[in-house]
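Here is a short briefing on one chain. Start with the view below, then read the points by topic.

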Amino acid sequence: KTEWCLCLVVSDTLDLSLFAKIKEVIKNSQNDIIELPFSNYTFGMCEDYNPWPSITYKPLLSRVKVIKFQPLVHQELIFHSNKVTKLSDEFGRIHHNSNANLEVFLAKSIDYAKQEAEDYKRLNLRHPGISRPIRYLAKSLFNGFIRQKFTIFRGEQGILLGTAYVLTQFLIILFVVYGARREDSS
């Protein structure tokens with residue numbers, strides 16, 4: 001009913017107190033996109049050394065005219081505007097609960113990896129796992145275990161998060177390579 005769209009996915013949560021504030025922000029905004037700090041919870045942990053971005057900014061609201069859909073996994077919406085208002089942490093946060101526990105993570109990772117590999121094929125893109133597998137694997141290991149403030153040295157939680165990240169990257173490569181091999185043999 002308005003020119004604004006609330007940009008949340010099913011695993012995002014907001015404090016109800018934000019809705020009154022949101023009305024004021026969009027009423028006074030000259031920009032097209034309003035972003036909020038975004039906290040990513042993996043296995044119920046929101047750590048600043050999470051290999052997946054743990055705390056960053058994400059669009060909360062956008063004018064409908066600047067939204068487009070993109071078919072790749074995790075990039076469902078793209079925004080065609082650079083007129084962005086970044087609200088502070090004091091305003092509130094978007095909380096994203098990506099994986100409640102290890103079982104959910106494993107089941108979802110297989111689905112996401114398969115879907116991501118299929119998207120690359122459908123869009124006729126080359127995944128780094130095909131063109132530069134050794135370099136891509138090394139980068140995944142570095143990002144999972146060393147980057148983000150030395151994840152693996154943060155104890156059990158760091159090892160859990162880093163290993164989960166690396167496993168996700170390996171699964172994507174396996175599906176990409178498997179799909180390419182099946183195509184070559186047919």
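**Burial and overall build**

Buried residues make up 39% of the 186 residues in the chain. The model is predicted. Its secondary structure comes to six helices and eight strands.

**Fold layout**

- From the N terminus on, the order of elements is β-β-α-β-β-β-β-β-β-α-α-α-α-α.
- Along the principal axes, the C-alpha atoms fill a box of roughly 55 × 40 × 25 Å.
- Take the contacts in the chain with a separation of 6 or more: residues 24 or more positions apart account for 74% of them.

- Is strand β8 enclosed or open to the outside? Five of its six residues (94-99) are buried, so the strand is largely enclosed by the rest of the structure.
- Buried here stands for under 20% relative accessible area.
- Strand β2 (residues 12-13) runs antiparallel to β8, and two bridges join them.
- In that pairing, Thr 13 stands opposite His 95 of β8.
- Strand β3 (residues 33-42) runs parallel to β8, and five bridges join this pair.
- Here Tyr 41 stands opposite Asn 97 of β8.
- In general, side chains in a regular strand alternate between the two faces of the sheet.

**Surface and charge**

- The chain exposes about 11600 Å².
- The chain has 24 positive and 19 negative charges.
- How far apart are the mean positions of the positive and negative charges? They are 6 Å apart.

**Cysteines**

- How many disulfides does the structure hold? The structure holds zero.
- A disulfide needs the two sulfur atoms within 2.5 Å.
- Are Cys 5 and Cys 7 buried or partly exposed? Cys 5 has 28% relative accessibility, so Cys 5 counts as partly exposed. Cys 7 has 6% relative accessibility, so Cys 7 counts as buried.

Technical notes:
Residues numbered from 1 in each chain as written. Predicted model: local features only at pLDDT ≥ 70, side-chain atom pairs only at ≥ 80, totals over all residues. Heavy atoms only, no water. Buried < 20%, exposed > 50% of the residue type's maximum accessible area, 1.4 Å probe, protein only. Helix = DSSP H or I, 4+ residues; strand = E, 2+ residues; numbered from the N terminus. Pairing = 2+ DSSP bridges. Contact = heavy atoms within 4.5 Å. Areas by Shrake-Rupley, 256 points an atom, 1.4 Å probe, with all protein chains shown as cover. Lys, Arg positive; Asp, Glu negative; His and termini not counted. Charge placed at Lys NZ, Arg CZ, Asp CG, Glu CD.
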